[in-house]
Each structure stands twice: as structure tokens, then as C-alpha cells.
Amino acid sequence: MKKETEKTDNTEEKGRSLEENFEIIEDTIDRMEDEDIPLEEAFKLYQKGMKLLKECNDAIDRVEKQVLKLNAEGELEEF
Amino acid sequence: MARLYSVFEVNSYIGKKLSMDDLLNRISVRGEISNLKYHSSGHVYFSLKDDKAVMACVMFASKAAGLKFRMKEGMGVIVTGSIGVYERDGKYQLYAESVKAEGEGELSEAFRQLKEKLGDMGLFAPEYKRPIPSYASRIGIVTAETGAAVRDIINIASRRNPYAQLILYPAIVQGEYAKESIVRGIKALEKTGVDVIIVGRGGGSMEDLWAFNEEEVAMAIFDCSIPVISAVGHETDFTIADFVADLRAPTPSAAAELAVADVRELLKKNETYERRLKKRMDSLIEMRRLKAVKYMSGLKVLSPQGKLLRSRDRAAATEERLNALFLGILAEKKHRFSILLEKMKARSPLDRLGGGYVYLSDEKGAGISSVEALSEGEKLRIRLRDGVAEARVEKTEKLET
């Protein structure tokens, strides 16, 4: 049962947009605002946040793109 | 007797006569629509009237298809066509080629009507608007391959985020084939799975922008599963596409800004989050450390070592107090002693010596208080007030008392 939930979590993670990731990071930091949060949990949140930030960073592939054009055959070619 | 004609022959004759008249062959007539009937065959039957007269009109389906708007009772129009005779009924009528709305103009009328129709269908309702993604990485563009619009979009998009992928569908954006081309473009880009689609063109006359007022284009935008930003003409141009799109951009340049996030801001945002996250973690750790320090000092107070230290401190303090007490007592005793000494001095026998009194003692200094203790020849010490004399006993005699 637990494994299944983890699995869906993972697939969701893959399809998340940058803004959804930012929202989760925002929420993560908010949850860390609680001073009484157990340190272990804070560490987990921190690691999760850092992982998401890395994902966001990786989502920007830093490769400059050529403009593409859809031709009549529905194929992509350089513009 | 003159020749007899059939009714049909007469009607045909009149019809031929009329058809040879240049004016009646191509004529524009102004009037108001009445008795309007859209027939299921596609033909439109109506009357054209003014305050003095009425004329029957028909617009066949092939011509009616070119109508950009739907005619309405009482609408002021200019009908262009030819006058002909309907031989069966012996009636002449106006065969309409085109109908223009008078006053506002036909395009304005068509625009108003389509807007009303689609509005009633709910196509402009805010609940159908899809949110434009804040960080689109693939952007579809439906516009002309050449011209200012595509250049502006590419320039601004690649300046804001050179890592974003732009995919252009080169569309025909004005004229006869424009609406089909734009619709195909939206559908083709939808299939490529871009994050957002910009549909538009640069400025022009209302006729130039007309394709974006077509129902087919509006429906394609509405049906598109990917958010669509409309970008038609200038800021002052409003098209049906603008109303149905998920977001209206005033110009193609603005559309590029709305569709493409500035990558520098994105990276900055990322850094800010990272800094906040680290700072928060650090402060959580620091808070725990301070707490630990506090607990540790608390523990120290409670530990046996602490007790010992405190007992030692107390012992030292007690010792000090005792010392002080003792010194106090001593001082008091000294004081009392000196008083006693004064008193004793006052009562000293030496002071009483003189006036004939002496203190008599034997050689060893022991006091003599009876003659019985004395023997003849014994040495005596006589203490006077200001010195000592030695004497010898010559004779003793006990007196009766």
C-alpha cells in the first residue's frame, strides 16, 4: 500500500511544472517557520526543498534554442 | 384577331425585357428588412421596404453563404443584385448578390452579432479561461512567417529566455484562406504539446484583422486544450479571438512578454528560495544549539559537582562569618579586659603604699601576714611605694589582739 503511494508521488513529481515546484518550496519554507518543529523533520523538509530547487534549476537546460517551424507535413524544421 | 398569349409567355417576355435593362441588371437598393425567412434550403427570402413601398427579395443559398452577419427584421441594409421576374407568380423581385448593413457597416454588424452569439454560448466566461503557465518552456506561435509580429515575438521571447523553445506555425493571417490556416495552426501546435500558444498578427484595418473575428477561429481557440494568448493588431484593436482567448495581449510583443518568463528572474527566484531555505535551517539549528546550551547550564546547576561547589562556597562564607563573629567577641573581651585592668589598677596595693604602709615578703616574695611565720635572722623584703629594701629580723613578739 505504502509503496503504491510512493510510486504515485514519484510520477507526480516528474510532471510538475516549475510554478508548482515553487509553490511546494514556498510551503516547505512556511512549514519550517514553526520553531517547535522537530529537527529531524526540519532536515527532511530542507532536503526536500533543496531537491525541488535542483529540479527547478535543472528544468532550465541552459541550451539556447533555434526557432522551429512546423511545415505542411507537420514536421519541425529550422526557421 | 391578334395573337393570343399564354400567361407564362407574357411573364417570360417581361422577364426578358427586364433582363436587358442595364440599370436593373446591377442595382443597389436601400431599405429595411421585413418578412425575413431563412429557408432550410439555405435560401433567404425577405422584403425590402421603405416608408412608401415594398419589394420582394431573394438571396440564394450560394450567395447567402458569403454573408458575414445574420440579417434581422427591421435592419437597414443596402442590397445589391438584379431585378428579375419570377415567371410563375408574375412578380418581379430583387435577386440579392450581397447585403450590407447600413450605418455601422457590415463588419461591425457581423462582429457585434458573433460576439453576442458566442457570449451567449458562454465562450467568454472567465471559468473557461485556462491559466497561462508562469514558466513556459515551449511556446507555439500562429502568425505570418514574415512581418513585424513574428519578429517582435521572437526578439522579445529570446531576449527574456533564450532557453525557451519557440515553434512557429506559419499561417495565412488575412484574406480568403486565413481562417482555415489559423485553425490548422492552432490544432497542429496543440499536437506538439507546447505549454502555451500565441495566436495573432500585426496591425491592420478591420478587414485585414477579420480572420480573427471568424467563428471557426474562435471555436478553435476555445476548444484548444493548451492555453492561448491572443495578440491581434494594436492595443486598440479588439477581435472575437481576444474575447475567447485565455488571455488577450494588446500586441504581439506584449504576448511574448506574457508567455515567456524572464529567465534571469527565474534564476534569481531560485537563488532566493535556496538562500531562505538555508537560512531557515541554520536558524533552526542555532535555536537548538542555544537551547542545548541553556539545558547544559541547567544541568550543571543540578549536578553533584555543582552541589559540591555550592557547598564549598557556603562553607567559605560560613567560615568568614564565624571569623567576623569571633573577632567581634575578641574585641569585646579586650575592651572589657581593659576596663577591668583600669579597675584593678585603681585597687592596686602599690597605690596604697606610702603613708607608712609597706608590703612585707620573704626572700622569695611570698607575703607575710603573721609574726609566727618569722624567725630571728631571716631576710625580709620590704616593698615601698618607690622601691625595695632588704631587712633582717632581730626579734619577734606576738601581740594580744
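So, helices and strands here are DSSP runs, numbered from the N terminus, and two strands pair if DSSP finds at least two bridges between them. Keep in mind that this is a predicted model.

Okay, strands in chain B to start. Take β4(B), residues 76–86: β4(B) pairs with β5(B) in the antiparallel sense, over 10 bridges.

Now β5(B), residues 91–101, has another neighbour: β3(B), residues 54–59, joined to β5(B) by 2 bridges and running parallel.

Right, on to the helices. How do α5(B) and α9(B) cross? That's residues 148–160 for α5(B) and 252–259 for α9(B); their axes come within 8 Å and cross at roughly 30°. Angles under 35 degrees count as roughly parallel, so that's what we call this pair. The crossing is right-handed, by the way.

Who makes the contact? From α5(B) we have B:Ala149, B:Asp152, B:Ile153, B:Ile156, B:Ala157 and B:Arg160, and from α9(B) there's B:Pro252, B:Ser253, B:Ala255, B:Ala256 and B:Glu257. Sort the α5(B)–α9(B) contact by class and you get 7 nonpolar, 1 polar and 3 charged residues.

Key
Residues numbered from 1 in each chain as written. Chains lettered and ligands numbered in written order. Predicted model: local features only at pLDDT ≥ 70, side-chain atom pairs only at ≥ 80, totals over all residues. Helix = DSSP H or I, 4+ residues; strand = E, 2+ residues; numbered from the N terminus. Axes fitted to C-alpha atoms, helices over the stretch in contact; angles between N-to-C directions. Parallel < 35°, antiparallel > 145°, perpendicular 65-115°, else oblique. Left-handed = near helix turned anticlockwise from the far one by under 90°. Contact = placed C-beta atoms within 7 Å. Nonpolar A, V, L, I, M, F, W, Y, C, P; charged D, E, K, R; others polar.
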